[in-house]
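Hi,

Here is the structure I promised to pass on. Have a look at it first, and my notes on what turned up follow below.

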Amino acid sequence: MRSLTGFAPISAGSVRVAGHDVTNLARGELRTLRSDVGQVFQQFNLIPRLSVMTNVLTGALHGAGAINLVGGFSTAHRRRALELLDRVGIAHKATAPARSLSGGQQQRVAIARALMQQPKVILADEPVASLDPKLADSVLELLREIATEDGIPVLVSLHVLPLALAHSDRIIGLRHGRMLVAGATSQLDAAALAPLYDDEEHDDDAHH
């Protein structure tokens, strides 16, 4: 996932994201790319002592002028942030410090922050790994809603196949760096998904 925003090199081939060829971008061009990509992380990456509202507003920093950075965000920015918090269901927590929120609530703040960027694509790297199953479903459903209603492509990295099957339109299955499965979720049957389980079965046999 880090390769998609130029934070990790690739050994071969090329990477294109939001119209950018990531493998050939200069530093300034990488900054432009990263401003086009909203990111949602496993550990939320919020600033714990700052309010929920301020954390969401940081998503607009790439587009804020010097006055905003020095004197605070504009009324329009604040209105937009509150609208996004309402959309993800936690507008009532706008003034609370981020550290006071539950894991599921913090991830919703992170999603609102990503949307504050007005991204061309959203990358979510194991966004539900720290959440219980019920919260995981709700967060993934929110990401799918954003993809459907806003037309923003959302790429989610998951290690739990049932979650991927329940919440995705398309799945690319990787194992040890190799692509073993690729296709529309609705067209992937047990036989198509079997390669993702083969190594696990062999490992189980080795332990019996």
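This is a predicted model: local features need pLDDT of at least 70, side-chain atom pairs count only at pLDDT 80 or more; totals for chains, interfaces and linings use all residues.

Let me start with helix H6, where the buried residues are Ala136, Val139, Leu140, Leu142, Leu143 and Ile146. Viewed down the axis of H6, these residues fall within an arc of 150°, so they line one face of the helix; the arc is taken from the directions that run from the helix axis to the C-beta atoms. Pro133, Lys134, Thr148 and Glu149 are exposed on the other side of H6. Buried here means under 20% relative accessible area, exposed means over 50%, and partly exposed is in between, with a 1.4 Å probe and protein chains only.

Residues are numbered from 1 along each chain as its sequence is written, and side-chain values use heavy atoms, with hydrogens and water left out.

Helices (H or I, at least four residues) and strands (E, at least two) are DSSP runs, numbered from the N terminus. H6 has 18 residues, and its first and last C-alpha atoms are 25 Å apart, close to the 26 Å expected at 1.5 Å a residue. That expected span is 1.5 Å times one less than the number of residues in the helix.

H4 (residues 75-87) has 13 residues and reaches 18 Å from its first C-alpha to its last, close to the expected 18 Å. His77, Ala81, Leu84 and Leu85 are buried in H4. Seen down the axis of H4, the buried residues stay within an arc of 100°, so they too line one face of their helix. Thr75 and Asp86 are exposed on the other side of H4. After H4 comes Gly89, with a positive phi near 90°.

How much of H5 is covered? Mostly covered is the answer, as twelve of its 14 residues are buried. Among them are Arg108 and Arg113, along with Gln106 and Gln107. The end C-alpha atoms of H5 (residues 103-116) are 20 Å apart, which agrees with the 20 Å it should span.

A pocket is an open set of points on a 1 Å grid over the protein atoms alone, where a 1.4 Å probe fits, with protein on both sides within 12 Å along at least five of seven lines; lining residues have an atom within 4 Å of a point.

The lining has 39 residues, and Leu155, Val156, Ser157, Leu158 and Ile172 lie nearest the pocket centre. Helix H6, strand E5 (154-157), helix H7 (161-167), strand E6 (170-175) and helix H9 (195-207) each supply at least two lining residues. The largest share, six residues, comes from E6.

Gly173 lies in strand E6 and is buried, with a relative accessible area of 5%. The C-alpha atoms of Gly173 and Leu193 are separated by 8.3 Å, although these residues are 20 apart along the chain.

Cheers
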